[in-house]
Amino acid sequence: MVNVDLIVIGAGPAGMGAALAAKKHGVKDILILERADKAGGILPQCIHNGFGLHYFKQELTGPEYALRFARQIKEKQINIKLSTMVTGITADKIVTAISKADGLIKYRAKAIVLAMGCRERARGAIRIPGGRPAGVITAGAAQRFTNMEGLMPGKEVVILGSGDIGLIMARRLTLEGSKVKAVCEIMPQSGGLQRNISQCLNDFDIPLMLSTTVCEIHGSERVTGVTIARVDDNLNPIEETRQYIPCDTLMLSVGLIPENELSQGAGVSLAANGGAATDKYMHTNVPGIFAAGNVAHVHDLVDFVTEEAEEAGKNAAKFILNKKLDGKGYAFREKKTPSSAPLDPNEKRLICIVCPVGCEMSVYFDEGGNIASIKNNRCKRGLAWAKEEFTAPKRVLTSTVRRGNKWVPVKTKGAIPKALLFDAMSALKKISLTGNATVGTVVAPNIAGTGVDVVLTDDVEQ
Amino acid sequence: MKVAIIGGGVIGALTALELTRYECDTVILEKASDVSAGGASKANSGIVHAGFDATPGTNKAVFNARGSAMMPQVCQQLDARYKRNGSMVLAFSKRESAGQQKLLNQGLANGVEGLSIITGDEAREIEPALSKEVISVLWAKTGGIVCPYSLAMNAAASAKKNGAQVMTNTEVIGIGKADGAFVIATTQGEVEADYVINAAGVHADKIANMAGDDSFSIIPRRGEYMLFDKKIGGLVSHTIFQMPSERGKGVLVTPTVDGNLLTGPNAQDLSGTNKEDVATTSQGQDYVWASARRAVPGLTRGELITSFAGMRAVSNTDDFILGFSTVPRFINAAGIQSPGLSASPAIAKHLASLVASAEQLPERARFDPLFTSIPHAMEMSEAELHALIAQNPAFGNIICRCETVTEGHILHAIQDGATDIDGVKYRTRAGMGRCQGGFCMPRVLEIIALATGQNYTSISKKGGGSYILTAERGATVG
């Protein structure tokens, strides 16, 4: 039995945020246990951008966001054990872990922060009838194959569920040459962020079919197609609207479930959402066990995970140092609900991505399709961006490039013309890296003649 | 002397093992990419029936009683998971209660021990989750549960260890004769044999036809199931049946040997051309769900992790067709529907003895049926696991989070013959948990690729055209 003041389970954004906050508030003896061979949780496979707007006031990719914390963990000399799986936690805070290096090992902690994140809901949980062929894959697994392994999960894809991961993967697979035939969403509105619908679907003319579900999977060896149908008010498929779509892949993005099997083993109560129930100090019902991030509730933005984790880490420190838990605590923040569709046919709405404020602007068009006026922007930068968005749209491209038999994440340092995205993708395919490099290193100057460089979005070593 | 067994399900595998007791050559010809992968042995209720259902004197009755008695020892030898959990048959009306008395008498005639009829209240003392509408229960203390695919796979592995040959991806396409021996045409070339044992499940009639025996036909009867998370695996401890009908034993609710909760099957007869259509249907799922809730109203859908369907091979005689055919040295084991799994050890022993006594085969001196599978990490004591990791660090690398399956375990399964994702899944349980392979499938694929030297893109879910990946990156965009 090894005694440790604070054990943090999981080195994703929640775990790293909590550990750093606990260190800052006076805990010296901290150990993070992480099952993957790299810190960052799910972020290393989330190579797209859109992270950090709230917390860092700048737009980062997933690997960049994770790297900022991983570097701090190193600098502050916080102990982290990678490739280590926690298999049990007890109410008296004994943690059992398994790894190649240590075998089976037990720790006794004064406090624990649960930061295990969540997992994807799978096909079984949503009961789609039909065969059980290969080619039914969750968006997260598809993302791992595509971004981490350089392997393609499908050529002709139908996506069920319009959560953010599904939308992001629709774009990613399209950029890699797959045909995404439709995104079906059983609800009358998408669960994804407005800007993802805009940049991941609309940019590539991928149809978003609302109030529509997949009601049968065809194929015995590999998926050969799916039958989709519109649903009624009770979400039951309407027979007459059944429609067959040939495809080789059904990708599921149908929700995330907090991963709380370990928490339950320690006697932690769960809330109705399946997450670990906490008070505003992120303290569970078990004294000294705290929870933060998607293990407590599924967040839309990682920035809020970090803020919540800092509260958990701070309070775990207070608990260890026998201080009273006080202060204003932390309230779970949900994203802004998307507004209703505009009533004026000449109006289009878009959410500004220039700064974290995220103004929802109304752009009005004249008869000739030119911009007549723009309203609800709070600054001039937004005005300029909106004009550009409707005249010569630009996008930041994120992808990966080959390095030996691995793939490493990259992005264009600034936005490039939308029309040149596929040219840039083709150029990136020719790149093969060798040697070590740090985040920000230019790997392809002036990509596709845009004048914009492509840079690494992670440190690359070993 | 060579015996070819067509079909590597639980009957074929156990029969192969029984044959290796004797001085003869045995080969299993299996169409799918793995043993126990294609047919009824993979997807069924996993029940060892006490033996009161079958009409006395039928093959079903005789072999169920014998097989069920042999099962504990066979499972122990083969390290297949088995548990005698007892079963209950529920009656919701006076008419059904009267039927229970008939079942009890039938059970006594079949030699089943430990049968009694108790009241609904008495039953709810033992199984509190039972419906309040239940008025009486036939309680069979000898009912059990078994893992059907580990029984079949371990039997095949043990047979292999004892000298049998297992040919997978080997579909029989014709059976001829030359110089008195059978010449079996397969997708992997010709195989000669002196005896053929037809254990081809739903295809047994087609195989018999190839040899010139058209004495029976097989109707595929599909059954759908719903499998629930281990979190509610303890909702009932017995296998809960409702009163049987002419279409089978109806929808049961049972714990599995692995700690999940299983319910199903319905019964849907398919036309002869649809023998492998194991698709689930919304009607089937709704029926299973409603029937299960009738017995156990507290069941909730929230913990559902997967649905699947299996195929029973129902013969036109409605009994097992066992023994020599009209074609000399051609032996049928056909129509092995429920209670076929329960009867399988007895059927295997019987089939092997038919060959052995016809040929007066001597027993082999070095026959050792014992098979030990790698213990699951969570079944080991902490000290044992720690020691194992020290010896082989791959056992410290957990790949499947939900079921705590290690890299070492997966590598062992590959050595045992797993070549695809399902082969690993059915040997180790990697991917059988609540996330259904969401996290571990890409990693299992990588381990198979590295261990077998195959390309990532050539690794499949279950052989044939069930490829997982469509391309390596870079090859798709021109």
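Predicted model: local features only at pLDDT ≥ 70, side-chain atom pairs only at ≥ 80, totals over all residues.
## The contact between the chains

The size of an interface is often given as the accessible area lost when the parts come together. Chain A and chain B bury about 4500 Å² between them, and carbon and sulfur atoms account for 58% of that area. On the side of chain A, the residues A:Lys100, A:Arg127 and A:Arg132 supply 15% of the area that this chain buries against chain B, which is more than any other three residues supply.

## Domains of the two chains

In chain A, the domain assignment gives domain 1 (2-119 + 256-320), domain 2 (123-252), domain 3 (347-391) and domain 4 (398-456). The centres of domain 3 and domain 4 of chain A, taken over C-alpha atoms, are separated by 29 Å.

In chain B, the assignment gives domain 1 (2-41 + 149-217 + 317-359), domain 2 (82-146 + 219-314) and domain 3 (377-458). The C-alpha centres of domain 1 and domain 2 of chain B lie 30 Å apart, and the contact of these two domains takes 15 residues from domain 1 of chain B and twelve residues from domain 2 of chain B. Between them, domain 1 and domain 2 of chain B bury an area of about 1100 Å², of which 53% comes from carbon and sulfur atoms.

## A mixed sheet in chain A

Five strands of chain A form an open sheet in the order E28-E25-E26-E30-E29, and the pairing in this sheet is mixed. Strand E28 (432-433) and strand E29 (442-444) of chain A stand at the edges, and because each has a single partner strand, one side of each is left without a neighbour in the sheet.

Strand E30 (residues 454-456) of chain A runs antiparallel to E29(A), and two bridges join them. In this pairing, A:Ala444 stands opposite A:Val454 of E30(A).

## An antiparallel sheet in chain B

Chain B has an open sheet of three strands in the order E10-E11-E12, with antiparallel pairing. Its edge strands are strand E10 (172-178) and strand E12 (189-193) of chain B, each of which pairs on one side only. On average, and with direction ignored, neighbouring strands of this sheet are turned by 25° against each other.

Strand E11 (residues 181-186) of chain B is joined to E12(B) by five bridges, and the two strands run antiparallel. Within this pairing, B:Val183 has B:Glu192 in E12(B) as its bridge partner.

## Two crossing helices in chain B

Two packed helices are described by the angle between their axes and the distance between the axes. For helix H2 (residues 59-78) and helix H8 (residues 340-359) of chain B, the axes come within 6 Å and cross at roughly 90°. Angles of 65 to 115 degrees count as roughly perpendicular, and H2(B) and H8(B) are therefore roughly perpendicular to each other.

The residues that make this contact include B:Phe63, B:Met70 and B:Val74 of H2(B), together with B:Leu341, B:Ile347 and B:His350 of H8(B). Sorted by class, the contact of H2(B) with H8(B) has nine nonpolar, six polar and two charged residues.

## Local backbone features

In chain A, A:Asp205 has a positive phi of about 55° although it is not a glycine. The place of A:Asp205 is in the loop that runs between helix H6 (194-201) and strand E14 (208-210) of chain A.

How values were computed. Residues numbered from 1 in each chain as written. Chains lettered and ligands numbered in written order. Heavy atoms only, no water. Pairing = 2+ DSSP bridges. Helix = DSSP H or I, 4+ residues; strand = E, 2+ residues; numbered from the N terminus. Domains from an automatic or database assignment. Axes fitted to C-alpha atoms, helices over the stretch in contact; angles between N-to-C directions. Parallel < 35°, antiparallel > 145°, perpendicular 65-115°, else oblique. Contact = heavy atoms within 4.5 Å. Nonpolar A, V, L, I, M, F, W, Y, C, P; charged D, E, K, R; others polar. Buried area = accessible area lost by both parts, 1.4 Å probe.
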